[in-house]
Amino acid sequence: MSAVRIAKHGSTAETLQADFVVDATGRAALTKEFLQGNGYGLPEESSIAVDIRYTCGVFRLPVDDTRNWKVLMTRPDPKVSGRRAIMFPVEGSQQWILGLGGVNGDSAPTDLEGFLEYARTLRTSTAFNAIRNADLNGELTRFAFPKSFRRHFERMMKFPRGLLPIADSICRINPSFGQGMSVAAKEAVLLSEVFDELSHLPDPLLELAPAFLDRLDTVLGDPWSVAAQDYAYEHLANERPPEFAAKLKFQAALTRLAAEDPAIHRLMTEVAQLLKPSSVFRAPAMAERLSQAIRAYSPR
Ligand SMILES: Cc1cc2nc3c(=O)[nH]c(=O)nc-3n(C[C@H](O)[C@H](O)[C@H](O)COP(=O)(O)OP(=O)(O)OC[C@H]3O[C@@H](n4cnc5c(N)ncnc54)[C@H](O)[C@@H]3O)c2cc1C
């Protein structure tokens with residue numbers, strides 16, 4: 001690839017020469033069109049059905065000296081429903097953003113009364129209590145996300161020189177795990193490292209995409225494994241991998257331990273937010289606690 005064509009609204013298209021084109025458009029439609037139109041074929045895809053919809057609003061909360069949390073995450077109980085909540089303060093303001101999520105066609109209404117009623121049905125009452133007397137700023141908006149997916153560009157037999165998809169163009173993960181921006185940042189760091197390593201070659205751009213795609217699993221392995229938690233929802237049309245039953249037991253034990261021990265809750269969150277690798281769970285003391293918890297909590 002040696003150029004991109006830019007078409008801005010209201011002006012004629014222009015062609016920009018480029019040694020290297022990074023497709024960060026989030027959908028990879030242009031990369032796929034180029035690959036197919038130039039005989040490279042299309043990458044294989046893995047996907048995990050999610051079917052999540054969430055409705056978000058910005059609220060000004062009343063002063064409450066008893067509120068002792070900084071961020072709220074109400075996780076669903078997959079056996080009961082997929083309803084969950086996430087609430088963050090908006091930087092530099094007195095406002096908070098709350099998203100209420102549902103799966104399998106379930107979604108929080110976009111009128112305030114219905115939204116409040118939906119919040120009341122969550123596993124715990126913290127989100128409802130936070131907004132029951134709050135002021136909504138603006139409108140409630142809804143977003144739908146059908147599936148997490150990963151395009152396996154790394155499995156392609158050949159890949160064009162001078163082109164590289166990145167971030168969501170390669171892999172989009174259920175936004176309720178809050179990982180996409182960290183993944184994008186980590187891939188940018190990986191790209192810079194790979195580029196430095198290849199810079200001594202006569203034609204680094206020839207090797208750049210294959211070398212980057214080869215090492216992508218070091219970035220995507222953990223988040224994709226977090227995304228696999230959506231296999232827990234039995235109504236979704238997912239074929240569960242054989243090892244999923246063991247993974248479910250592991251996750252249940254970890255969640256129980258996290259509920260009892262703040263240090264483990266912190267560790268679990270740090271792994272989920274990609275601050276630490278999932279290998280921390282294999283450290284001997286931690287692995288032993290987890291094995292005990294799996295034995296204690298698993299149904300016989
Ligand atoms: C509702 C929602 C909530 C999320 N919450 C979180 C979160 O809490 N934490 C987190 O880490 N991640 C979150 N994510 C994921 C995160 O937003 C994405 O993973 C991240 O933005 C991906 O970055 P990107 O640059 O690949 O794509 P994007 O941020 O999608 O950027 C792609 C850009 O390319 C532009 N574009 C597309 N096509 C063309 C074209 N043909 N020509 C020119 N420009 C084009 C688009 O307009 C867009 O500006 C959330 C995502 C969603 C949808």
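User: What covers the buried residues of helix 2?

Analyst: In this predicted model, the cover over the buried residues of helix 2 includes strand 4 (44-60), strand 6 (84-89), strand 7 (95-103), helix 3 (126-131) and strand 8 (135-152), where helices (H or I, at least four residues) and strands (E, at least two) are DSSP runs numbered from the N terminus. Local features need pLDDT of at least 70, side-chain atom pairs count only at pLDDT 80 or more, and totals for chains, interfaces and linings use all residues. Residues are numbered from 1 along each chain as its sequence is written.

User: Which residues of helix 2 are called buried, and what makes a residue buried?

Analyst: F115, Y118 and A119 are the buried residues of helix 2 (residues 112-120); a residue is buried if 20 or more other C-beta atoms, placed from the backbone, lie within 10 Å of its own, exposed if 12 or fewer, and partly exposed in between. They lie on the same side of helix 2 because they cover an arc of only 100° around the axis, taken from the directions from the helix axis to the C-beta atoms. On the other side of helix 2, E113 and R120 are exposed.

User: How many residues of each domain make the contact between domain 1 and domain 3?

Analyst: An automatic or database assignment gives domain 1 (3-46 + 147-229), domain 2 (48-146) and domain 3 (242-297). The contact takes 10 residues from domain 1 and six residues from domain 3, residues being in contact if their C-beta atoms, placed from the backbone, lie within 7 Å.

Note on methods. Contact = placed C-beta atoms within 7 Å.
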